[in-house]
Amino acid sequence: MGDMARPDQRFVLDPAVLWRQMDGEAVVFLPASGDTHRLDRFATNVLAVLEGHTAGLDAETVLPLMRHGAVDDEPVSVDDVAAVLQDFRRLGLVEQPAS
Amino acid sequence: MRLAEIPEAQLRHRLAGPEGVTLVTGPFSTRIRSPVASVARGLADLYGDVRVEPDADWADFHVQVRAPRTPRRWFRPQVLFLSEGRSVFKPLAFHQAFPMLEWGLNWCVTANVKHHLLFHAAVVAREDRALILPAPPGSGKSTLCAGLVASGWRLLSDELAIVDVEAGTLTGLARPVSLKNASIEVIRSFAPDAFVSDPCHDTLKGTVAHLRPPRASVDRALAPVRPAWVVFPRFEPGAETRLTPRVRTSAFMELARNAFNYTVLGRLGFRRTADLIERSVCYDFTYSRLDEAVATFNAMEPPSA
């Protein structure tokens with residue numbers, strides 16, 4: 001499904017971004033702006049899935065990979081993941097993969 | 001050579017002259033010049049155990065505390081703090097000369113030091129494990145720091161956590177602890193044998209006095225310590241003593257907010273702050289009774305290294 005997604009809905013983690021996971025959450029640092037953000041457990045899991053996928057992932061592809069990993073028991077939807085990806089884009093944590 | 005080995009008359013003479021006195025506090029040396037008697041008195045009272053460089057031809061910081069060269073010398077006299085010959089604060093009333101020196105010495109570090117990661121925090125240590133107390137003014141940080149030091153903890157600083165960006169360890173300044181308002185009497189009652197300077201009234205921070213650093217802390221100022229606890233203290237009148245675990249990411253954000261140069265150091269600042277937090281257990285701490293607060297920290301076990 002992910003491969004069928006519109007290219008502008010696929011994202012890769014900006015390679016310049018630094019992040020560190022602690023107690024299931026994460027802090028991220030954007031060198032370009034000097035901004036630091038704290039991510040909750042859900043967003044941290046999305047970020048962890050994105051790391052290493054240089055071709056880019058969309059929300060539908062991220063979701064099963066998250067379920068495969070450790071996520072809180074609460075049910076999550078593609079829309080939840082998509083919203084997190086949009087937040088990541090707004091914050092500058094992710095970018096569109098090179099075509 | 002320790003400052004106490006200089007006879008007071010000679011100390012006053014040297015401070016007033018062109019050579020000044022070069023103090024070594026932790027990793028920094030500061031050449032101080034001042035003709036103001038209360039500055040010489042404060043240094044003699046509070047820095048006696050601190051090492052001086054008798055023939056230093058180099059120092060990290062060069063500071064002066066003196067009256068402005070204006071008619072104000074005779075009418076409501078004021079005092080200036082100069083760093084590298086430049087006045088960096090607004091003039092203060094003359095009787096505030098020594099507190100102004102202390103504030104100026106803090107400023108020298110925070111404004112100039114780029115090769116350490118600096119946080120606004122008190123730091124004390126037990127053995128080689130550091131308790132870091134980041135907090136804004138008015139949180140009871142210095143009072144707690146003074147209480148712990150009077151109870152045997154090693155003083156690194158009541159104002160600045162200095163992190164070696166290579167090793168991730170902390171180093172100390174072991175300078176006097178600044179006490180304000182009610183905390184002056186709290187510490188005098190809590191530690192009657194400790195030396196607390198005469199209070200200076202009507203400063204921007206109210207009444208201030210300083211606790212002399214223990215000699216053992218001064219002598220070990222450069223011995224590195226590893227982070228063990230990051231605790232955000234808050235004095236609240238009448239509150240129960242309460243130590244509450246804090247999620248590390250939240251502690252990270254709060255610590256970064258209390259940094260002087262986290263953003264300037266960029267990636268290195270992020271990595272070292274993260275390392276520090278990962279190696280520590282983090283808490284919020286509320287207290288009103290200093291004896292209970294000190295007992296709480298005395299009972300804490302450090303995390304495994």
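Me: How much area is buried between chain B and chain A, and what share of that area do carbon and sulfur atoms give?
Reply: This is a predicted model, where local features need pLDDT of at least 70, side-chain atom pairs count only at pLDDT 80 or more, and totals for chains, interfaces and linings use all residues. Residues are numbered from 1 along each chain as its sequence is written, chains are lettered from A in the order in which they are written, and side-chain values use heavy atoms, without hydrogens and water. Buried area is the accessible area (1.4 Å probe) that two parts lose on being put together, summed over both. Here that area is about 1400 Å², and carbon and sulfur atoms give 67%.

Me: Which residue of chain A meets B:Asp275 in a salt bridge?
Reply: A salt bridge puts a side-chain nitrogen of Lys or Arg within 4 Å of a carboxyl oxygen of Asp or Glu. Between chain B and chain A the count is 3. In one of them, at 3.0 Å from N to O, the partner of B:Asp275 is A:Arg20.

Me: Which helix of chain B gives the largest share of the side that touches chain A?
Reply: Helices are DSSP runs (H or I, at least four residues), numbered from the N terminus. Helix 7 (248-257), helix 8 (262-265) and helix 9 (267-278) of chain B each supply at least two residues of this side. The largest share, 7 residues, comes from helix 9.

Me: How many residues of chain B are in contact with chain A?
Reply: Contact means heavy atoms within 4.5 Å. Chain A brings 17 residues to this meeting, and chain B brings 16.
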